[in-house]
Amino acid sequence: MKNNGQKGILIVLSGFSGAGKGTVVKKLLQTHDNYALSISMTTRQPREGEQDGVEYFFTDKEQFEKTIAEGGLIEYACYCGNYYGTPKAYVEEQLGAGKDVILEIEIQGALNIKKQFPESLLMFITPPSAVELERRLVGRGTETAEVIANRLSRASEESEGIEAYDYIVVNDDLEECVEEVHELVNASRRSPVRRKEFIKEIREELHSFTKGAQK
Ligand code: 5GP
């Protein structure tokens with residue numbers, strides 16, 4: 001569906017670490033051209049194979065806090081001892097250009113975005129079960145047992161906040177999950193909160209008909 005000059009939708013994708021969000025987002029970007037992915041800033045160390053400016057903008061605590069002070073982030077949070085934040089300029093620019101901007105962020109950030117942008121779309125991606133989540137975290141092979149335990153405990157805390165999201169999407173079959181997310185984004189374009197201009201115009205036209213009929 002075309003945007004017809006509408007501003008893009010601000011989409012928040014959250015999910016437990018290991019839910020496969022990254023893969024869902026990658027596939028979404030490959031298969032549909034209406035999306036732009038925001039690259040976050042973080043103070044965590046790059047994992048093997050991660051590149052600065054691709055997965056994240058990797059930085060140190062001092063620079064991160066300077067960016068906060070300058071108002072350069074839309075939101076930020078501390079997650080497992082590291083800062084993560086969304087740079088403001090890119091998001092504003094892409095939304096203005098009509099792109100649907102994806103923020104792949106955790107729950108505190110998601111709630112913060114909903115407060116600032118009530119018309120944003122919050123989706124929670126989850127594996128079909130907790131057992132499957134643990135299997136995926138262990139299978140990834142990039143984290144120590146301690147980090148995995150930490151992430152599972154964080155997942156347990158995060159599960160308390162799922163109701164704050166607009167939709168929950170189960171990532172069992174990747175292709176199905178990607179299409180489900182895409183359909184939800186398209187459906188949300190038809191929500192009255194995102195068609196304010198259209199509603200205003202049709203109201204004015206109807207109003208002028210009514211006035212004409214009264215003459
Ligand atoms: P990871 O270290 O596994 O890449 O990310 C850890 C968590 O931080 C994930 O839940 C991820 O979605 C979240 N995250 C990544 N970037 C941001 C951000 O800019 N803001 C917030 N609030 N969370 C983020």
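**Entry 1: the pocket**

I sorted the lining of the largest pocket and got 14 nonpolar, 12 polar and 13 charged residues (Ala, Val, Leu, Ile, Met, Phe, Trp, Tyr, Cys and Pro count as nonpolar, Asp, Glu, Lys and Arg as charged, and the others, Gly among them, as polar). The model is predicted, so local features need pLDDT of at least 70 and side-chain atom pairs pLDDT 80 or more, while totals for chains, interfaces and linings use all residues. Residues are numbered from 1 along each chain as its sequence is written, and side-chain values use heavy atoms, without hydrogens or water.

I noted that 39 residues line this pocket, with Gly22, Arg47, Glu50, Tyr56 and Glu104 nearest its centre. A pocket here is an open set of points on a 1 Å grid over the protein atoms alone, where a 1.4 Å probe fits, with protein on both sides within 12 Å along at least five of seven lines; lining residues have an atom within 4 Å of a point. I read its space as about 1,100 Å³. Helix α1 gives the largest share of the lining, 6 residues (helices are DSSP runs of H or I, at least four residues).

**Entry 2: the helix pair**

I then looked up α5 (residues 130–140) and α6 (residues 145–158), whose axes come within 11 Å and cross at roughly 150 degrees. Axes are lines fitted to C-alpha atoms over the stretch in contact, and angles run from 0 to 180 degrees between N-to-C directions. The two helices are therefore roughly antiparallel (over 145 degrees).

I listed Leu133, Glu134, Leu137, Val138 and Arg140 of α5 as meeting Ile148, Arg151, Leu152 and Ala155 of α6 (contact means heavy atoms within 4.5 Å). These contact residues divide into 6 nonpolar, no polar and 3 charged.

Conventions
Angles under 35 degrees count as roughly parallel, over 145 as roughly antiparallel, 65 to 115 as roughly perpendicular and the rest as oblique. Grid points are joined across faces, edges and corners, and a volume is the space filled by probe spheres set on the points.
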